[in-house]
Every structure is written in structure tokens, then in C-alpha cells.
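Here are my notes on this model, as numbered points. Please read them with the structure open.

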Amino acid sequence: MDEEKLQKFVEAYLKKKGLKLTEHALQEELQQSTNTTTSSPVSQFDPDVVRFEDGPARYQDGYAKLRSWTYSSLDLYRHELLRVLYPVFIHCFMDLVAKGHIQEARTFFNSFREDHEMMHLRDLQKLEGVLSPSHLEEMEFAHSLRQSKVNIKICQYSYELLLQFLHKSQSTTMLGIINEHINFQVSPGQPSSITDDAEAVTLIGGSQESANQINQKEIHWGLLEDSLEERLEKAGGMALDSEKAEGETKEGEGDENKKKSIEGGKQGASIKKQKKDKAVSATVKSARPEATTVPTAPRVKPELTLPVIPTEVEQSILEDLRNRVQLSSAALPSVSFYTFINTHNGLNCSSISHDGSLVAGGFSDSSLKVWDMAKIGQQSVGSILQGENGTASSEQVAGSNGGKRPYTLFQGHSGPVYSATFNPLGDFILSSSADSTIRLWSTNLNANLVCYKGHNYPVWDVQFSPVGHYFASASHDRTARIWSMDRIQPLRIMAGHLSDVDCVQWHSNCNYIATGSSDKTVRLWDVQSGECVRIFIGHRSMILSLAMSPDGRYMASGDEDGSIMMWDLSSGRCVTPLMGHTSCVWTLAFSGEGSLLASGSADCTVKLWDVTASTKLPKAEEKSGSASRLRSLKTLPTKCTPVYSLRFSRRNLLFAAGVLSKTV
């Protein structure tokens, strides 16, 4: 009665004052409230209805409505709105499990999992094992998902459409999940291109602020002071005229060095001929392209004590750099491909020395084998790289190159060999294994020198630094470690990844290392402090390969889905995604001057990409979001050989290696 009296008093007051519009609005409001109370009086009192609203069915119904609305949206906005479904799906599932509705959670998961299997199969396989609320706490992946927010890029109109739908449908459950677990980055204007999706959906372990804070740390990506490239640049600037005059003599000297770098192999003759034709122009051009590619970043001092390079070796490297063939979109590299045959699925990895004269293979039988290309060239064609099926008797003659065997066999590991890397001079090789050790071998003595123990689980990757002596390793124990050849214990341990560290790569100035992980992130670490200084987020599957540009400014990373991303180290942002491969990208390599990127994949192709086209985009084009910024210059298919490793020589010849796989 009190409420009725109050309403009458208010109506009388509004009439008295002549506020007709306000009176009319009040009457409409009162009428609506009476309609709702009369139409659903049970909901206020019936405990069964209350229980239904709080029950598991609201998740199934709410998600089903959101899904059908999204798929029926206009094509222009659909691809942006679809980004919301996956995070809502996994959080609905985890909320159901957390509240103890296990059976309903399984039904929900199985009903909608097909929508997300193509993009997120690995994640779904992990979540499939969550069968109780305790699993959510115990499983690190699920725990990190619940603690983190998903960043989703979306245009203003798509964002307003979504909010309008949620309010109209009164999906409070979906609204709550979106509010709690999704952080929208709303941009004005039209929706972004479907292919321009590098950072459209990103997940950060921990808070957004902490990742942003890490990426604001200062990094010095400039090249080293007094490096060989800098000396060559200075010398080239002063002696450009004299080099032009001495073009012919340089050509003659260049041919001698070329024999060292491309000895053996059937491709040798044609490569030499091609390089001979370019030798004069290369010597004349050597100073000018170097000058244009030198970054604006100041030179930096090394944080590690660098080894002294012998004078003869230094002169040889300088000679190679002077005679480097300048590559561009109009001048693509010559490619020398080494194919392993008859491996019987035993080859796990391969590596090529800096001059292409040595090729190593790591095998499942715990052996490491090294082929000298010069000696292979002297043998019959039929025996090329067929040592993998050597008998036990021939394997006992370890260290000798005599007899019929065309390779040097290194034995010492007690598990499959997963990675191998040559030092810059080619006189040492490192191998990492499932036995959790790294071994250093001498290619001159054909012997094992050191066994480095520190990791607790299989070591997936090992890489020598650009100056040799130091090396980095990546392991299943979720850490990367930095070592030096003269110490058996690691110098630094980099911990922070949420899953296996699958690959590692040194920065050009040796002050940083990059690591790629199964947690779909790439991290950049400071060698001196051991701190993480950048987190690169955008990949949708495990990272399998990394490469650093010679100027130190950019990094490329390849993943299991076949996508490659180019990153700007200073900002920590993705410059452009590279779409083209249809399977795992196992290896990446930048050309000597950094104008081309080569990628090798399990889809049996080598692709060449134009780096300069992507990094020098006009602002207008960048805003419009052009589909493929990094132009694919050429695709080089093999007959049936997945590409295991790539290496640009100092003179810009591209070496590749892979194993012939039989077609079904």
C-alpha cells in the first residue's frame, strides 16, 4: 500500500506541474514492471527455476546462441566475431568442471570441439584430460588459462554488434565470461583483413601489464664495435675506386676461395660459373650495399669476452665478404641442395658448415655422422650420402675415413641426436641428445672432446654463437642455457617458458639469445643478466625455427602450422605474418646482407621471401592492412624431400639439406 500511495503522490505532483512527458514515461515504466512480475511470478519464489538458471544448462544454451549468431553474421564482420568463440568455449568448459558438473562439461566439450580443432587441436588435447576441479589447479596449462586474459583485436562496429547481441539475448553468463577473460582492443574504421591476423588473438600467461612491462625494457640491437663488417665498410668506402681498378685481380682471387667453399658436389661447376660472372660487379658493389643496410642503431660493446680470431682466418672471411654476391628480389641466390638417402627414418637433424664444405646428420641410433663434400665429389655418384645404413663392422672403425665409408662417424651419445651445429670455422661441431647431454667434437681430430651435463631432460637444440666459443642450448626442462667451450657448467640459465624450449638462436651481436617454445611464444634474453627482455606473442602453435637478421633489428620465427612471423626486436611487435607453407617450418635463414629470407618446410619446399618489401611499408599501406606484406619471391619444390636445414654462405650461396622420403 505504501508503494501505491507513493506512486499516486508522484503522479499528482507531475500533473500539477504540467510535466506530461515525465508522467507518460513513469506510467510506461510502471506498466512494464507489472507485466514482468505477472508473467513470471514463479521465478521469484520457485527454487527449482532458480536452480535451473544457476545450473549447467545456461552454459550450453548461452554458448549455442552466441555461436549461431556469430556464424549468421555478415561476412564483413564474421571473421572478427569468430575470434570470441574459442576463449568463451574453453572458459565455459573450465567453469563447468570447476563447479563439479563433470558430465555436462564433457557433453559441452564434445558438442562444440570440432569448431576449434583446426586452429587449436593441441590445446584441446591437453584440456581433454581435465576431469575434475583438482585437475584445473594441477595442470599448469589450464591454470594459466584461468589466470590470464585473452587480447582480441576487433573493430568498433563488430564490438558494438557483440554488446548489442549480449544485452538483447540477456546472456549474463556469456557476458560474465567475456568480461572476466577477454580484453578487447577496439580499433576505429573497417575490420582488419582476414589474412592480416598476426596479433588478432593473443594469450598472455599472467597479466597484460607484466608482458607490456617486459617489452618496454631497453635493448641495444646494434652490431658490435670493430666487427669485420664494420672494418670492411670503412675499407670499402676508402678503397672503392681502387677496387674498381683491381676488379680483375679480385676475380681471380675470388675463384680460388670459391673452390674452398663449394668443393665437391655435382652443382659445383655451375655455381662457380655463375659466381664468376658476378665477381667483378660484386667487388664494386660491396661497399655501397653494406652502407645502406647498416642500421641506425649505435654500435654496441660485447657483454661476453670474445675469442681472438687468427689473422689468416680473418683475412679469409674478409675476402669472402668482399666477394659476396648482392641479393635482391631481382637477383635470387644459387641453391645447393644436399639430399640424404636410405636413412630408414633414422635422421633427426642436419647441419651445414658456414662454407658448405661439411654436412652433419644426427641419427636415432645415437650417432653423429659428418660428410666432407670434397671427398664425396671424388667418389662415384651412387655412394653420395648413403652411409646411414652402414654395417656394424664399418661403424667400429670410428674416426677413420678409410675404406668404403664416405663419412666420419662420431659415437658417444646414449640417445637419439636431435641437433648439431658447426662453429664458424668448421673445426668443431656440437651435438645435443635425448640423453640430456651436449657433446663437443673436433672435425680435425675426429674425436669427442667434452661432454656438457646440466639439463635434466632431452636437449632439443644447440647453437654456436656467431663468434664461436659460446653456445646456447634448449631443452624439454623448459630452460635455455648458455655455455662456453672451456667450462663444463652453464654460464647462464634462462627460465620462464611454460613448456618445452624447442629452438634457440643467437643475436648478431652475441648480447642476446632468442628461444622458441611449445607455449607458442618467443622470448629474447639478455646474455649478461639472464633476464627476459622481450616476449613475442602471436603464433598459434609450437615454434620450431628462429633466425636473426644480419643487422640485428629483425627476427623471423616459424611454427608447426607453417606460418612465419617477422618481428621488430626494438618494439616487440610483429612486422608481418608470412603465409605460404602448408606444414611445419623447420628451418629459416637470412641472406648475408639481410634482404632475403629463406624458409624450409616439411611440405618439401624452400621459399624465398623479400624482407625489404615488408620492413619499408608506407604508413597508408600499413593502416589498410595489405594481405601479404612480405612478398614470396620464389618457391623451390623438391621431388620428395622435407627441408631440414638451410645456410647462407658468407658469399650468399644458399645451402640446403633434407632427407628423401618415399612416396606412398
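1. Start with Asn511. At 3% relative accessibility, Asn511 counts as buried, where buried means under 20% relative accessible area, exposed over 50%, and partly exposed in between (1.4 Å probe, protein chains only). Asn511 sits in the loop between β17 (501–506) and β18 (512–517). Helices (H or I, at least four residues) and strands (E, at least two) are DSSP runs, numbered from the N terminus.

2. A word on the source. This is a predicted model, in which local features need pLDDT of at least 70 and side-chain atom pairs count only at pLDDT 80 or more, while totals for chains, interfaces and linings use all residues. Residues are numbered from 1 along each chain as its sequence is written, and side-chain values use heavy atoms, with hydrogens and water left out.

3. What surrounds Asn511, leaving aside its neighbours within four places in sequence? Asn511 is in contact (heavy atoms within 4.5 Å) with Val300, Lys301, Pro302, Glu303, Leu304, Trp525, Asp526 and Val527. With Lys301 there is also a polar pairing: a polar atom of the Asn511 side chain lies 3.2 Å from the backbone oxygen of Lys301.

4. Check two other asparagines. Asn345 is not a glycine, yet has a positive phi of about 60 degrees. Asn345 lies in the loop between β4 (335–340) and β5 (347–352). At 77% relative accessibility, Asn345 counts as exposed. Asn446 has a positive phi too, about 55 degrees, although it is not a glycine. Look for Asn446 in the loop between β11 (437–442) and β12 (447–453).

5. Next, the cysteines. Cys155 has 0% relative accessibility and so counts as buried. Cys510, at 2%, counts as buried. How many disulfides are there? The count comes to zero, taking a disulfide as a pair of cysteine sulfur atoms within 2.5 Å.

6. Last, a helix pair. The axes of α9 (residues 117–127) and α11 (residues 140–147) come within 9 Å and cross at roughly 110 degrees. Axes are lines fitted to C-alpha atoms, for helices over the stretch in contact, and angles run from 0 to 180 degrees between N-to-C directions. The two helices are therefore roughly perpendicular to each other, a label for angles of 65 to 115 degrees.

7. Which residues make that contact? Asp123, Lys126 and Leu127 come from α9, and Phe141, Ala142 and Leu145 from α11. By class, the contact of α9 with α11 has four nonpolar, no polar and two charged residues. Ala, Val, Leu, Ile, Met, Phe, Trp, Tyr, Cys and Pro count as nonpolar, Asp, Glu, Lys and Arg as charged, and the others, Gly among them, as polar.

Methods
Angles under 35 degrees count as roughly parallel, over 145 as roughly antiparallel, 65 to 115 as roughly perpendicular and the rest as oblique. A polar contact is a pair of N or O atoms within 3.5 Å; within protein, one must be able to donate a hydrogen and the other to accept it, and residues adjacent in sequence count only if both atoms are side-chain atoms.
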